[in-house]
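I set out here what I looked up in the structure shown below.

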Amino acid sequence: MKLIIDTDPGIDDAMAIAYAAAAPEIDLIGLTTVFGNTHVHQSSRNARFLLDKLGLEAPVAEGAAFALGETSHAPSEHVHGPEGFGDITEIPQIGANHRLSAAEFLVEMARQHKGELVVCAVGPLTNIAEAIRLDPSFAGNIQRLVIMGGAVYCPGNITEHAEANIYHDASAADAVFAAPPDTVLVGLDVTLKTLYETADFEALAARSLDMGGFLRDISRFYLKFYKEVGGLDGCGLHDSTAVIACTHEPMFETVETGLQVIVEGPEIGATRPVTSRPPVRVCRDVDGAGVVSLFTERVASLP
Ligand code: BDR
Ligand code: CA
């Protein structure tokens with residue numbers, strides 16, 4: 001499967017990118033970056049660093065630095081650390097970004113690989129909304145859009161109403177759901193059922209010394225946040241679960257509904273089911289243990 005991950009790395013983003021590199025079904029044709037967990041130039045630097053570490057030559061196209069809407073929220077540094085990789089703050093600049101912007105790259109790749117390209121968006125939806133605006137045929141050119149975002153039938157994480165990716169650019173998300181491509185939404189409804197615990201990271205690091213060890217190291221900060229804020233003994237495999245949904249949809253139970261995003265006021269970023277919009281497939285349940293073990297088995301195969 002030809003895949004582009006639109007991402008804000010980010011600790012769980014790094015896990016998802018590592019998973020994609022290890023998954024035999026995935027042909028990663030590029031990463032597009034966005035603000036969110038960190039500033040966009042840090043997202044791009046981290047993305048290039050990860051691809052180099054994974055031995056992949058895929059391009060990184062840099063995208064939005066701010067939300068499309070008027071409300072722009074500060075990056076989630078309290079969750080992902082000052083540079084996006086927890087306590088690891090010395091991240092080398094490797095190579096350079098692609099000459100096209102993220103939205104232009106998405107449009108171009110969707111044309112080149114018409115009907116074949118899956119886009120997995122695991123950050124705020126700014127680049128995706130921008131690609132749809134740039135090229136009215138973009139939505140029809142891609143095979144599918146899989147989004148990590150939203151909390152449709154459960155509480156949010158960044159506020160009680162909103163999930164972080166949708167909250168960071170509620171207007172962009174609302175624009176995407178107004179006229180969505182073939183879309184699967186992988187929100188907190190399922191990603192909090194894929195808990196990855198300290199012991200899982202240790203076991204992974206023992207099998208994959210370099211990549212697994214790196215993921216274990218950057219995750220300490222993230223696990224501390226989950227413990228302090230949610231009382232959880234692990235973190236959700238948010239972004240990896242979305243990448244797994246690209247290739248393993250039968251592991252998920254979905255319902256079809258239209259979606260609207262609240263774009264202002266105290267409930268900004270809330271994702272509400274509505275009948276007035278075209279349906280997307282919202283994941284309601286998942287084989288959580290299956291996702292955790294698939295993630296481990298694949299990432300453990302990396303050096
Ligand atoms: C999502 O928000 C970000 O903090 C994570 O990387 C993930 O994409 C989870 O709500
Ligand atoms: Ca992310």
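**Helix 11**

I looked up burial in helix 11 and found Met211, Gly212, Phe214, Leu215, Ile218, Ser219, Tyr222, Leu223 and Tyr226 buried (20 or more other C-beta atoms, placed from the backbone, within 10 Å of a residue's own). Helices (H or I, at least four residues) and strands (E, at least two) are DSSP runs, numbered from the N terminus.

I note that the model is predicted: local features need pLDDT of at least 70, side-chain atom pairs count only at pLDDT 80 or more, and totals for chains, interfaces and linings use all residues. Residues are numbered from 1 along each chain as its sequence is written, while chains are lettered from A and ligands numbered from 1 in the order in which they are written.

I checked what covers these buried residues; the cover includes helix 1, helix 2 (40-54), helix 10 (198-207) and helix 13 (288-299). At serine 219, helix 11 bends by about 40 degrees (the angle between axes fitted to the seven residues ending there and the seven starting there). Just after the helix, I found glycine 231 with a positive phi of about 65 degrees.

**Whole chain**

I recorded 13 helices and eleven strands in the protein chain. Buried residues account for 56% of its 303 residues. The C-alpha atoms fill a box of roughly 50 × 40 × 35 Å along the principal axes.

**Ligand 1**

I looked up the 14 residues around ligand 1; Gly10, Asp12, Val122, Ala164 and His238 come nearest (near: a C-beta atom, placed from the backbone, within 6 Å). Helix 1 (11-22), helix 7 (164-168) and helix 12 (238-247) each give two or more residues to this shell.

Conventions. A residue is buried if 20 or more other C-beta atoms lie within 10 Å of its own, exposed if 12 or fewer, and partly exposed in between; C-beta atoms are placed from the backbone. Two residues are in contact if their C-beta atoms, placed from the backbone, lie within 7 Å.
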